[in-house]
Amino acid sequence: MTESFDRQGYLVFNDALSEDDLGMLRDVCDQLLEEPAQDGGKGLHNIGLGDARRFLRHRHADFPALDEFVTSERIDRIVRPCLGSDSMLFNEQFVVKGAGKGASFAWHQDSAYVGFDHKPYLTVWIALDDTTEENGCVYLLPRDLATDPGIDEHEWQEDSKELNGYSGDDPGRPMVCPAGTVVAFSSRTLHRSGPNSTGRPRRAYIAQYSVEPIRNPESGDLKRFAKPVRRAA
């Protein structure tokens, strides 16, 4: 699996979640949606667009079942085939595209949002709803991580509150998948997502994993989290 991941920059895990885990993620997401919107953002970028594109961030510690899940052996079985080593939770958030008005998201590498040099990390994208091109699925551009491991040039788009790292004609591979599917891709893999034109919100959960703590080289401050993932037997 690791070789396949390195050749294309991503892996898809079908039926990776139990019904209990999927139900828990949906319940936590819905509880957070009931709270007042707090998309003000901290740090360099504010990428929230209110109800059109909400990011519900960094709340796993407030929900014991989610806190257990993000560093569980179940996660290790997804992350280890991609990174090839022990890992730690770096970042996590729910992403919700509103019904009928969910905004798209431009081509980017997740590493472009970190703001300083770092080792590549892994994004674990989990579909909480059946995901289609109509409701804003993720699209990936395959990337050979051995021959092309760098961070591409990105430009901030003020109108849509996002970085754009690709303006070519390749539409990418659509990750059309049922709820519970996991798409794991490198922080160096270009990806985007389309708008949600359906009558229902499109929910996803994103947890990101690194092989070492990601720290600002100037201050030494931890970027987000560095919680070790428990190794699967």
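Which residue lies over the face of Tyr 139, and at what distance from the ring centre? The points below take up this question, after a reminder that the model is predicted.

1. Charges over rings. The residue over the face of Tyr 139 is Arg 192, which lies at 3.8 Å from the ring centre.

2. An edge-to-face pair. The structure holds 5 aromatic pairs, and one of them is formed by Trp 107 and Tyr 166, whose ring centres are 5.7 Å apart. Because the planes of these two rings stand at 90 degrees, and an angle over 60 counts as edge-to-face, the pair is classed as edge-to-face. The pair links distant parts of the chain, since Trp 107 belongs to strand β4 (residues 105-108) while Tyr 166 sits in the loop between β8 (162-164) and β9 (173-174), 59 residues apart.

3. Accessibility of that pair. Trp 107 has a relative accessible area of 7% and is therefore buried, as buried means under 20%. Tyr 166, with a relative accessible area of 24%, is partly exposed.

4. Strand β2 and its surroundings. Both faces of strand β2 (residues 54-57) are covered, with Arg 54 and Leu 56 buried on one side and Phe 55 and Arg 57 buried on the other. Strand β2 is joined by 4 bridges to strand β3 (residues 88-97), and the two strands run antiparallel. Within this pairing, Phe 55 stands opposite Val 95 in β3, and the ring of Phe 55 also belongs to a cluster in which ring pairs link Phe 55, Phe 105 and Tyr 113.

5. Two backbone angles to check by eye. Asp 15, in the loop between β1 (10-13) and α2 (19-34), has a positive phi near 50 degrees, and at 72% relative accessibility Asp 15 counts as exposed. Lys 161, in the loop between β7 (155-157) and β8, likewise has a positive phi, near 55 degrees. At 25% relative accessibility, Lys 161 counts as partly exposed, because this value falls between the 20% limit for buried and the 50% limit for exposed.

Terms used:
Residues are numbered from 1 along each chain as its sequence is written. This is a predicted model: local features need pLDDT of at least 70, side-chain atom pairs count only at pLDDT 80 or more; totals for chains, interfaces and linings use all residues. Side-chain values use heavy atoms; hydrogens and water are left out. Rings of Phe, Tyr and Trp (its six-membered ring) pair if their centres lie within 6.5 Å; planes under 30 degrees apart count as stacked, over 60 as edge-to-face and the rest as tilted. Buried means under 20% relative accessible area, exposed over 50%, partly exposed in between (1.4 Å probe, protein chains only). A charge sits over a ring if NZ of Lys or CZ of Arg is within 6 Å of the ring centre and within 35 degrees of the ring normal. Two strands pair if DSSP finds at least two bridges between them.
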